[in-house]
Amino acid sequence: MSLFDNIIGAAATALGGDAQQGTALQLVMQLVEKSGGIDGLLQTLQQNGLDAVLQSWIGSGSNAAVSGAQLESALGSQLLGEAAAKVGVSGSEAGNLLAQYLPQIIDQITPNGQAGDVAGVDLGSIGGALLKNLFK
């Protein structure tokens with residue numbers, strides 16, 4: 001794990017999140033980085049069968065549930081496996097963590113209910129926004 005990942009995990013825990021939340025946040029940050037940005041991650045989910053689910057996370061209504069297996073399928077075993085290895089969890093554990101936290105994270109980084117809100121957002125901005133809003 002990188003120093004940035006360690007800082008994110010420690011900050012999440014310090015703000016009242018548990019180790020699982022910190023790991024989920026680190027996992028999302030890895031996926032964003034490996035997808036070429038948040039837009040890339042959203043496109044991957046959208047193009048691989050989770051468009052309606054993703055729209056519920058972005059929109060202002062309630063977030064649709066998703067399973068770890070659905071996320072594993074949409075992200076692909078290589079992308080998810082690489083991100084999971086970076087944070088020290090298995091691919092299936094990563095899928096389950098994402099199923100629990102990714103809807104909330106996407107919801108937090110799209111506060112106006114628009115996917116375009118994330119265009120050009122960098123990892124530092126995402127991390128800051130998530131730390132500020134996710135673990136209130």
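Helices, in the account that follows, are DSSP runs of at least four residues, numbered from the N terminus, and Leu 79 is found in one of them, helix H5. The model is a predicted one, and its chain holds seven helices and zero strands, so that reading along the sequence gives the pattern α-α-α-α-α-α-α. Of the 136 residues of the chain, 46% count as buried. Among the contacts between residues at least 6 apart in sequence, 68% join residues at least 24 apart.

In soluble globular proteins, nonpolar side chains tend to be buried together. In this chain the largest nonpolar core has 33 residues, and those that touch the most other members are Leu 45, Trp 57, Leu 71, Leu 75, Leu 98, Leu 102 and Ile 106. At least two residues of this core come from each of helix H2 (19-34), helix H3 (38-58), H4, helix H5 (77-87) and H6.

When its neighbours within four places in sequence are left aside, Leu 45 is in contact with Leu 50, Asp 51, Leu 54, Trp 57, Leu 71, Ala 74, Leu 75 and Leu 102. Leu 45 also takes part in the packing of H3 on H4, in which the H3 side is made by Leu 41, Thr 44, Leu 45, Asn 48, Leu 50 and Trp 57, and the H4 side by Gln 70, Leu 71, Ala 74 and Leu 75. Two packed helices are described by the angle between their axes and the distance between the axes. For H3 and H4 the angle is about 145°, and the axes are 7 Å apart. By class, the residues of this contact divide into seven nonpolar, three polar and no charged.

H4 also meets H6. The axes of helix H4 (residues 68-75) and helix H6 (residues 91-109) come within 7 Å and cross at roughly 105°; since angles of 65 to 115 degrees count as roughly perpendicular, H4 and H6 are therefore described as roughly perpendicular to each other. From H4 the contact draws on Gly 68, Leu 71, Glu 72 and Leu 75, while from H6 it draws on Gly 91, Ser 92, Gly 95, Asn 96, Leu 98, Ala 99 and Leu 102. Here the classes are five nonpolar, five polar and one charged.

Leu 98 has a relative accessible area of 1% and is buried, where buried means under 20%. Beyond its neighbours within four places in sequence, Leu 98 is in contact with Leu 27, Val 28, Leu 31, Leu 71, Leu 75, Leu 80 and Pro 103. Although Leu 98 and Gln 21 are 77 residues apart along the chain, their C-alpha atoms are separated by 9.9 Å.

One of the partners of Leu 98 is Leu 31, which is found in helix H2 and, at 0% relative accessibility, counts as buried. Leu 31 touches Leu 41, Leu 75, Leu 79, Leu 80, Ala 83 and Leu 98, not counting residues up to four places away in sequence. Between Leu 31 and Ala 84, 53 residues apart in sequence, the C-alpha to C-alpha distance is 8.9 Å.

Leu 79 counts as buried at 15% relative accessibility, and, apart from residues up to four places away in sequence, Leu 79 touches Leu 31, Lys 34 and Ser 35. Ala 83 and Lys 34 are 49 residues apart in sequence, yet 7.6 Å apart from C-alpha to C-alpha.

The side chain of Ser 56 reaches the backbone oxygen of Val 53 at 2.6 Å. Leaving aside neighbours within four places in sequence, Ser 56 is in contact with Gly 61, Ser 62, Asn 63 and Ala 64.

Key. Residues numbered from 1 in each chain as written. Predicted model: local features only at pLDDT ≥ 70, side-chain atom pairs only at ≥ 80, totals over all residues. Heavy atoms only, no water. Axes fitted to C-alpha atoms, helices over the stretch in contact; angles between N-to-C directions. Parallel < 35°, antiparallel > 145°, perpendicular 65-115°, else oblique. Contact = heavy atoms within 4.5 Å. Nonpolar A, V, L, I, M, F, W, Y, C, P; charged D, E, K, R; others polar. Core = buried A, V, L, I, M, F, W, Y, C linked by side-chain atoms within 4.5 Å. Buried < 20%, exposed > 50% of the residue type's maximum accessible area, 1.4 Å probe, protein only. Polar contact = N/O pair within 3.5 Å; in protein donor to acceptor, adjacent residues only side chain to side chain.
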